[in-house]
2 protein chains.
Amino acid sequence: MVYRDLFYPQHVLVFGSAKPGKLAAVIGQRLLDGGLKQVSFVNPKGQAIAGAQGYVAVSDIPEPAQLAIIASPAPTVAANLEACGQAGIKAAAIITSGFSEAGNKEGEAEILAVAQKYGLRFVGPNCAGLINTHSNLIATLETQPPAGDIAIISQSGAVGGSLMAMAKEQGLGISKFISFGNGLDLNMLEFLEWMQTDDETKVVAIYLESVPSGREFMQTLARLAKIKPVVVVKAGRSSAGQRAALSHTGSMAGVDVVCDAALKQCGAIRVNTLEDMFDVCRGFSALPPMQGRRLLVVTNSGGPGVMATDQAELSQMAMAEPSEAMKKELYSFLPAYASTRNPIDLTVEGTGKEYEDATCAALADYDGALDLYIGTPYLEAVPIAQGIINAAQRSGKPVTAVLSVGNDIEAARKLLYEAGIPCYVSGERAVKVLAKLADYYDWRTHGVYDPSVPEPSAEQLPDRTLLEPEAKDLLAKAGVPNVPYAFVHSAAEAASAGAKMGWPVVMKIVSPQILHKSDVGGVILHIDSEQAAAAAFEKLAAIGAGKDFRGAIISPMRKGEHEVIIGLVRDPSFGPVVVFGLGGIYTEVLKDVVFRVAPVSLDEAKLMIHSIKTHKLLEGARGSKPIDDAALAQAIVAVSELPFRYPQVKELDLNPVFAGSTGAEAVDARVVIG
Amino acid sequence: MVYRDLFYPQHVLVFGSAKPGKLAAVIGQRLLDGGLKQVSFVNPKGQAIAGAQGYVAVSDIPEPAQLAIIASPAPTVAANLEACGQAGIKAAAIITSGFSEAGNKEGEAEILAVAQKYGLRFVGPNCAGLINTHSNLIATLETQPPAGDIAIISQSGAVGGSLMAMAKEQGLGISKFISFGNGLDLNMLEFLEWMQTDDETKVVAIYLESVPSGREFMQTLARLAKIKPVVVVKAGRSSAGQRAALSHTGSMAGVDVVCDAALKQCGAIRVNTLEDMFDVCRGFSALPPMQGRRLLVVTNSGGPGVMATDQAELSQMAMAEPSEAMKKELYSFLPAYASTRNPIDLTVEGTGKEYEDATCAALADYDGALDLYIGTPYLEAVPIAQGIINAAQRSGKPVTAVLSVGNDIEAARKLLYEAGIPCYVSGERAVKVLAKLADYYDWRTHGVYDPSVPEPSAEQLPDRTLLEPEAKDLLAKAGVPNVPYAFVHSAAEAASAGAKMGWPVVMKIVSPQILHKSDVGGVILHIDSEQAAAAAFEKLAAIGAGKDFRGAIISPMRKGEHEVIIGLVRDPSFGPVVVFGLGGIYTEVLKDVVFRVAPVSLDEAKLMIHSIKTHKLLEGARGSKPIDDAALAQAIVAVSELPFRYPQVKELDLNPVFAGSTGAEAVDARVVIG
């Protein structure tokens, strides 16, 4: 309902001055220029621009209106919204700034209250407005883009403006544009929801600076991504200012890594620049699915082919050579001087027919193609373009083109665009786009995002960092594998527990006042007899004297084949996040850790294990046995579920977990409550 | 001389058909269109295009000519060259293809012989020709670019053509363009040499696919880079086809890493795409030196500022906040709603004067600035551009701009270009350019490339992989630190050598037939008595029975704080290359190794140590002591000099070298002769 009113209004009210150059006047003009028939101004003098009606009050307007664009001064916004509400208008875009972004939170509270009173929904305030190219709605100051099937949703008005200007410059067709500014009422969640059923939109592009409701965002995003590609630029990738303080394990990475993980889990296609966003949107808008990573390159010159191949390797595309049978087939119509390795190099003599036949034939064994054409002023590009178009149509697979140099290049590019073949400025850019296509369709086929979380347990945990025996009890209850242990309170108990466990054992001090046990000598290794155990206990008791000494925890000495870490941190937006990495130096020096918004499935946990840079170490490099993937993944799953069963757990740090060729066991555990 | 003839001819001969559409005819027309006054055609019918003279033979031409452009069929090239030689012409460009690139090596030998007979120098064959915009010389089929101060030298004609088309499209001013095709006579070396004294050229851009004479190339390149920035695209970064088989240590990286190291050592600015090449060339052409990495960003909108900041961190630029004093100064003229952190955000209200004053004032504490302006159709960009220009002129520091959105953006961009301010499509791209400026001027100030190499020793080495005792003797002579050792030939000798050395010791089998000692049980550790030593020797002797057993080598057991590797490989183009990395898994799994063309200075060796990803481990992470940088660097220097002193050494592998807080010692050595 509000969606129809926002994007398909028949009659739009513009609040604000109709004087030339004023915000409202410019937007009113845009609406008229865009082809909207009914535009009415509302301002104290009842003035309007040519082609629109002017009124002093909403109640004076005879015809019902569906959408209000409010560009009047901030102090008047609430009253104008009230008038809209009374007139039964259910949708508004508030362009006016001077609200929370300028410290005016009261002003926002006021307009939100008015809107809620009338069930009116609005975009903004402090936004750049709306566009729907399919309903002649150009309710913005920004550049009017060509019509098309890409929706753009921007958290930043300035970036939105740049995007509209770029869309016009590059001829990229836009379906809807939404700048939601402060996002006080309607925001990203609603827009993503609507995009699921928006038939005019094939690809959704979003610019984000922050994600306020991480889990809702993920659910909505994942639902949308299963239907349509969602291309995301998220700024604040690395800026120190964007980094929240995470605890120990998380502190080595800013929260951007969490958002990055969330986007991946939901199948969003993340790119880093607006240029990449446009390249990728153009690809998704025009091309059929890319079902695999086998990439074919057809070229008429070596250098650009080599550069495209370099990028293909960087983008994890498979640039395999054609099979011998395929080479034979290719040579049945290609001249002997052509190279039928991949890239297929037709040389400067390559004709449109050769592009067509080579691309088409080889695509039987590849998932997508890039056709590169470097002309000279004496070659003709149009027949080449026609060959590429024919190949795309005959094969039904994604084919992109790069055309460079020559007199009729522009005509050839136009031909390609009209036939729905994206044409990029370089092979490298085209390859990056095809790689994103392959990523996305792989996720759409195999990716699962399950937003459900385990039920909380009724059990209460102590209101402080858990003692190690408590932490280990908790792990056991949560199904996280753990080395055996005994909590002992005297030298005699220590000696008998050790003997029962089998020598050698390790003994650690237990005291709520001693968190860094090693630093105070509170960890004693290689204890190999009852006497040694008793002595060790006495030593720990001496260290703990006066420090709320609770006893000692004894475990068998284990020698892990691999030390890994599994941890939990809480992100302010996304909540519990599970972290996995190789322990020690790998984590601290190489920052080789991977994050996922919790909980994760067993498959996702396996993907985590496989996605660290040092994964080969776990596969059995240097003669060691490969680890038990399934057991380690199961431990990650159990940890990822723990904060939902025990919501009081704020952070958890299993460092190290010994991962061997059979099983995985947490050796040390730290659990912070809060 | 040949340089003047090639680039400043008064009279150019064009060999080939003058019929419309033919290669020679098109080039002749280009020459005339470019403004050259005297163009003569030479072909069997003596035909010419309008504006040129036609002759049947060179000897018929009354006026002396300086340059021949040969575009006649391949079989006629030698004869045409001969005629040029007889007429005293000393320079030619051979456009004609069908030589070594098509398997016709004899044809190439023939034309080279003719040219040498007459002292004639030529570009090509199979090249796209020459341009000198400063002498009206457009001797190519490719697009004519605007005149400027950037020289482009391309190994690929097709890439050269793309570059000329891009230059025209983007309005990038070119001084000279050289496509040298097969590079049979004149090639990259001569062109780089000439560019040193070419006053019309400020920046040199080269596209490379291979580097045939690596060391000469480096010397010439380094001399040029000390005077002018040299921007390089080297294709074949990652393609498997480009990888040569290097020995053990080198095999984890393709030869591109060697070329990459060589380019770095010589101060070249490597970029990966032609787009980046153009961005960077434009920056170097227009901007004063960037002497440091402190980057200021001034913007009128947050989002694009954040994205530029992200890129700045990725590009290792320092985005420090202004000092408190500077903030105070800024607020003396900026409104309170502006943010004076870095980015300085003037908000949408930012005026040209504010851009000027904020940029200019803050630049006192920064090394360069990026001014971002995101307009809307109702803001005016020209006054902003003027403010940015004023800031650049007043500060004398590098200032780049990004202007986006708005009606008068084109006029504003033009103003910036005329004032020599590069204007990029995004902040990210501008930041990358400034980072390359900072890299280059840092090298130009501190970088040293010394091409001298040590004198060879007269000593002969055995003509086979050295036995370990021989390898260790060689290391000692070459000044590479080494663990002490004894070469023993009986159980008794082993026992007494061990006792003398001090227990425990390690004993290894010595046999030219056993290269992988560990695999056959030929390494015995922890030998702690005379009896154990004797027994160990007997065990090795049994293993070596029938395998040319020469004895055993004994060394004290050492426990290294860090295991590193130092190696030597030979690159087919660059010769000896020294390799450094952390040993074991770091090398094999993380490929964390660094290469330099040998020999290296002590400073360069220290840079190598500091540039591995895991360098923090060597700095004393996790409680270990920092390594003795100087000793380890000295070992790298000694290894890097060894292949010059002993040219028979083909490969060398010190794996591991124990690097401690005092000193560094090679523990195992493998030296391959050949």
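## Strand pairing and salt bridges in a predicted model

In chain B, strand β14 (residues 295-299) runs parallel to β15(B), and two bridges join them; within this pairing, B:Val298 has B:Ile344 of β15(B) as its bridge partner. The model described here is predicted. Helix α15 (residues 427-446) of chain B packs on the sheet, where it touches β14, β16 (368-374), β17 (399-404) and β18 of chain B, and its direction makes about 170 degrees with that of β16(B). The sheet is open and has five strands in the order β15-β14-β16-β17-β18 (chain B), with parallel pairing. Because β15 (344-345) and β18 (423-424) of chain B stand at the edges with a single partner strand each, one side of each is left without a neighbour in the sheet.

Helix α12 (residues 352-362) of chain B is mostly covered, ten of its eleven residues being buried; among them are B:Tyr355, B:Cys360 and B:Ala361. The buried residues of α12(B) pack against β14, α11 (324-331), β15, β16, α13 (381-395) and β17 of chain B.

Another parallel arrangement in chain B involves strand β4 (residues 67-70), which pairs over four bridges with strand β1 (residues 11-15) and, also over four bridges, with strand β5 (residues 91-94). B:Phe15 stands opposite B:Ile70, while B:Ala68 stands opposite B:Ala92. From β4(B) the chain crosses through helix α3 (residues 74-86) of chain B to β5(B) in a right-handed β-α-β crossover. Both faces of β4(B) are covered, with B:Leu67 and B:Ile69 buried on one side and B:Ala68 and B:Ile70 buried on the other.

Over all chains, the structure holds 69 salt bridges, and the table lists examples.

| Residue pair | N to O distance |
|---|---|
| A:Lys264 and A:Asp260 | 2.9 Å |
| B:Arg429 and A:Glu275 | 2.4 Å |
| B:Glu665 and B:Arg558 | 2.4 Å |

A:Lys264 and A:Asp260 both lie in helix α8 (residues 256-265) of chain A, four residues apart, about one turn of the helix, and A:Asp260 counts as partly exposed at 22% relative accessibility.

The salt bridge between B:Arg429 and A:Glu275 crosses between chains, from helix α15 of chain B to helix α9 (residues 274-286) of chain A. B:Arg429 is buried, with a relative accessible area of 14%, and A:Glu275 is likewise buried, at 14%.

B:Glu665 forms its salt bridge with B:Arg558; B:Glu665 lies in strand β27 (residues 664-666) of chain B and B:Arg558 in the loop between β22 (551-556) and β23 (562-571) of chain B, so the pair ties together parts that are 107 residues apart in sequence. B:Glu665 counts as partly exposed at 22% relative accessibility, as does B:Arg558 at 37%. Elsewhere, salt bridges that share partners join A:Glu275, A:Asp279, A:Arg429, B:Glu275, B:Asp279 and B:Arg429 into one network.

Notes
Residues are numbered from 1 along each chain as its sequence is written. Chains are lettered from A and ligands numbered from 1 in the order in which they are written. This is a predicted model: local features need pLDDT of at least 70, side-chain atom pairs count only at pLDDT 80 or more; totals for chains, interfaces and linings use all residues. Side-chain values use heavy atoms; hydrogens and water are left out. Buried means under 20% relative accessible area, exposed over 50%, partly exposed in between (1.4 Å probe, protein chains only). Two strands pair if DSSP finds at least two bridges between them. A crossover is right-handed if, with the strands pointing away from the viewer, the path from the first strand over the helix to the second runs clockwise. Contact means heavy atoms within 4.5 Å. Axes are lines fitted to C-alpha atoms, for helices over the stretch in contact, and angles run from 0 to 180 degrees between N-to-C directions. A salt bridge is a side-chain nitrogen of Lys or Arg within 4 Å of a carboxyl oxygen of Asp or Glu.
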